[in-house]
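Hi everyone, thanks for coming.

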Amino acid sequence: MTIDRRELLSAGAAGLGWLAAGFSASALAQASGHTLNIALFPEPNGVVAGLGSTGPAQTVIGNIYDGLLRFDEKLQPMPNLATEWTVSPDMKVYTFKLKKGVTFHDGKPFTADDVVFTADKLMRTLNPRVRVAMASVESVKALDPHTVEFRMAIPYAAFIQLFDSSTLPIAPKHLYGDDVTKPLSPNPVGTGPFKFKEWQRGSFIHLVRNEKYHESGLPKLENVYWHIIPDGASRAAAFESGKVDVLPGGMVEFFDVGRLDKLPNTDVTLKGHEKLCPMAWMWMNHRLPLFQDLKVRKAVMHALNRDAMAKVVWQGFAKPSTGAFSHQTQFYTPQVPQYPFDTARARKLLAESSYKGQAVRLLPLPFGESWMRLAELIRQNLTAAGFKVDLQSADLPGTIQRQSGWDFDLTLTYMFQLGDPALGVARNYVSSEIRKGSPFNNVGGYQNPKVDALFERGSREIDPKKRAEIYADIQRTLSEDVAAAWLLDLGFPTVYRSKVDNLINTSLGLIDSLGRASIKSV
């Protein structure tokens, strides 16, 4: 059976059909020494490498596929599919030695050809941040079945950070051939610690232990179920009743976190987002004459009460953003033009602008109640400043389709900045990434040749001090231009049962695999 990308995208709508009491018999396996149950929402658009780029999708994908490397909480690389690696002094040649004896879930051997295909064909085509990084690569070659060489035309300072499972999940070349656009099997095949077993749309995704995993003794779990649960109250109830053991960050209302933390045998952690640096902002559609008016964009910024968003909506689990970089992202600086909450100033700017009172379409993220409340607060703020706001809604496939098709005036998003601006920020603002069809690049359509040139210089510069100066200039320029309406540097508390051991062990947290997790006997 095969399914094309359109079908995979539309499959996310099935998540709305879930009922709180609707766990299937096969998914009712309670937490045991061998089974872990995790809440998930919204339902992923796909779990095949290259197709699932949302956070929920990546929490599943990271268990099916491996990256060449893993990264600790200080973002230092650790071996995974690569056992060792070298970087030439001029940072133009990266050579990876691959682990031998590794097989994909279908029994086919993992070789250097799979790495070349994944980096140079599959992800270069489908993944914006890989595409940006690979623009600096002159060649990717398999020197032998277990050695891969990336030769750079120009240095790319963040290149080593590319090789985790969320950015470069290694896919099997033999299942794709050379055509990455052909219809794909919905059943993903990787080398990861868990194998895809079943996906009941709107109910659950079931993975089982890869008994031939390449790390001895791993994984320790036999089964992992991701339960698709559409509303936060039901997800919290599922945790309280024992039906799920883990509520990944953002799966419950933030005001519920403190209450759940007081339950017996429950822990809460903010760890596991050190590399991700998640940040929320609002795209303004620069293609529209209204948002080509700088006074309108400044009016939007002054209208927004980011302190209330952090304290009320996010219950203190977020910080107001000061600009385009999260405070956790390398080379962040707060020394940029600021737009404090000032409704009177917003109204004055709007009155001086080209705005004629037309309704502005605001498209929220369908990621649960907190995101809807954030959108409602934004509407309230903008209305107070004099905007007429039409708050629209769509399910996840509909939202992705509208964002990637540029069918919005204002729309919310959150993305991972991945520790380095060359990898996680540039794609959102450079003009080369204005590409219709993807919601994970320069969706707002912002263009500034100076910013394009600076991002290119920043990615090539290998002197950290010079990089810091370049990225400070970028942050100032983006803020002067109000390229987007930056909102919150997000914190995502993960709620889990105390008996779950080693749940988070890298800087990618639950985006990485559960291969090292286990359930302690109690």
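Quick ground rules. This is a predicted model, so to speak of local features we need pLDDT of at least 70, and side-chain atom pairs count only at pLDDT 80 or more, while totals for chains, interfaces and linings use all residues. Residues are numbered from 1 along each chain as its sequence is written, and side-chain values use heavy atoms, leaving out hydrogens and water.

Okay, cavities. On a 1 Å grid over the protein atoms alone, a cavity is a set of points where a 1.4 Å probe fits but cannot get out; a pocket is an open set with protein on both sides within 12 Å along at least five of seven lines; and lining residues have an atom within 4 Å of a point. Grid points are joined across faces, edges and corners, and a volume is the space filled by probe spheres set on the points.

The largest cavity holds about 370 Å³ of space. It has 35 lining residues, and Pro248, Gly249, Gly250, Met251 and Tyr414 are the closest to its centre. Elements giving two or more residues to that lining include β1 (35-40) and α6 (232-241). Those labels are DSSP runs numbered from the N terminus: helices are H or I with at least four residues, strands are E with at least two. By class, the lining has 21 nonpolar, eleven polar and three charged residues. Here Ala, Val, Leu, Ile, Met, Phe, Trp, Tyr, Cys and Pro count as nonpolar, Asp, Glu, Lys and Arg as charged, and the others, Gly among them, as polar.

Next, look at Val246, in strand β11 (residues 246-247). Is Val246 buried or exposed? Buried, because its relative accessibility is 0%. The cut-offs are under 20% relative accessible area for buried, over 50% for exposed, and partly exposed in between, with a 1.4 Å probe and protein chains only. Leaving aside residues up to four places away in sequence, Val246 touches several others, among them Leu36, Phe239 and Tyr496. Contact means heavy atoms within 4.5 Å.

Now helix α14, residues 449-460. Its twelve residues reach 17 Å from first C-alpha to last, close to the 16 Å expected at 1.5 Å a residue; that expected span is 1.5 Å times one less than the number of residues. Its buried residues are Val451, Leu454, Phe455, Gly458 and Ser459.

Ser459 is one of the residues nearest its centre.

Last, the backbone. A cis peptide bond joins Phe41 and Pro42, with omega about -5 degrees, and Pro42 is in the loop between β1 and α2. Leu218 to Pro219 is cis too, with omega near -5 degrees. Leu75 isn't a glycine, yet its phi is positive, about 65 degrees. Phe331 also has a positive phi, about 75 degrees.
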